[in-house]
Amino acid sequence: MNIQRNDPQTVLITGASSGIGRLTAQTLARSGYLVYASMRDLATRNREAADSLLAFAETEKLSLHVLDLDVTQSESVTQAVNSLLQEAGHLDVLVNNAGHMSIGIAEAFTEEQAAEQMNVNFLGPVRLCRAVLPHMRQRGSGLIVHVSSIVGRVLFPACALYCASKFALEAYAEVLHYELTGSGVESLIVQPGPFPTHLLANSPAPSDSKRARAYGDIAEIRSMFLDQFGQFFASEQTTNPQDVADAIAQLVSLPAGQRPLRTVCGPDYGARAINEHTAPIQAEVLRALGMEAMAKRAAGIPEPPEKGISVSGAA
């Protein structure tokens with residue numbers, strides 16, 4: 001995908017060292033955006049990834065920069081966002097992409113592992129939103145894209161912590177979508193299905209092996225899960241993570257107020273149907289609360305371009 005722009009906008013992407021984050025950074029940079037691809041540990045673990053991305057940008061003469069940002073550390077988030085704003089002057093798009101996926105028996109994950117899963121996948125986006133939203137609201141425009149998952153809607157055994165983190169992200173991102181009504185800022189959700197990225201290969205296993213063994217044969221569910229999707233990725237059905245990057249780029253290119261709240265990419269295991277069924281229910285909930293303008297957002301009714309839409313009562 002190559003959506004050319006005459007007026008480059010600034011994009012910040014988290015978790016851009018590999019996979020969907022890196023592909024999104026490359027895709028948007030090639031489309032003429034000013035891209036800040038962020039990742040943690042630039043001087044150590046991700047030095048090679050950062051150097052590779054910068055070399056790519058130099059070869060193709062793209063406006064793509066690498067930014068040191070650890071989504072689990074508030075100070076790192078604040079410093080990175082402030083540095084970007086000082087250098088670029090404004091931020092138009094945030095892509096909350098950083099994440100990891102714990103796989104294994106739910107009970108066998110420790111409290112510390114559960115906290116780490118939520119810290120990256122849920123609190124990370126919360127930190128980023130708090131850092132960028134005052135700037136976006138002041139400017140009266142902005143877009144936040146949250147890279148969730150179909151397991152933010154459907155459940156896979158062996159993925160209890162990951163599912164919980166994505167369910168939490170879905171709730172936060174959708175409520176934010178409604179609360180930003182009339183501000184000129186949008187909060188949207190992208191739900192990838194299974195794609196061959198480093199997410200599975202790098203997935204943490206549960207630390208409490210004694211708890212896991214108590215489940216007998218079911219304790220092998222982590223290995224079964226990894227084997228099943230390994231075979232899926234090796235088959236002719238293999239999905240291409242570039243499709244997710246293209247979907248994000250398409251959302252960014254659309255006019256404000258014309259973008260769907262949720263976009264599903266790849267095999268969905270019923271997530272699309274759930275999205276379709278719940279949207280009108282959520283709209284009715286908001287109407288029952290007297291929040292008509294928010295209800296229109298829930299129903300996907302396009303908003304007028306001007307600011308100042310009432311968030312309660314009749315529109």
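Begin by selecting Glu 292 and Arg 287, whose side chains meet in a salt bridge at 3.5 Å, N to O; a salt bridge here is a side-chain nitrogen of Lys or Arg within 4 Å of a carboxyl oxygen of Asp or Glu. Glu 292 is partly exposed, with a relative accessible area of 22%, and Arg 287 is partly exposed at 30%, where buried means under 20% relative accessible area, exposed over 50%, and partly exposed in between (1.4 Å probe, protein chains only).

This is a predicted model, in which local features need pLDDT of at least 70 and side-chain atom pairs count only at pLDDT 80 or more, while totals for chains, interfaces and linings use all residues. Residues are numbered from 1 along each chain as its sequence is written, and side-chain values use heavy atoms, with hydrogens and water left out.

Next, select Glu 174 and Arg 262, which form a salt bridge at 2.7 Å, N to O, and which are both buried. Glu 174 lies in helix α5 (residues 160–179) and Arg 262 in strand β7, so the pair ties together parts that are 88 residues apart in sequence; helices (H or I, at least four residues) and strands (E, at least two) are DSSP runs, numbered from the N terminus.

Then move to helix α9, residues 242–253, where the buried residues include Val 244, Ile 248 and Leu 251.

Finally, colour the largest nonpolar core, which has 35 residues and takes 6 of them from α9, the element that gives the most; such a core is a set of buried Ala, Val, Leu, Ile, Met, Phe, Trp, Tyr and Cys residues joined through side-chain atoms within 4.5 Å.

Note on methods: Expected span 1.5 Å × (residues − 1).
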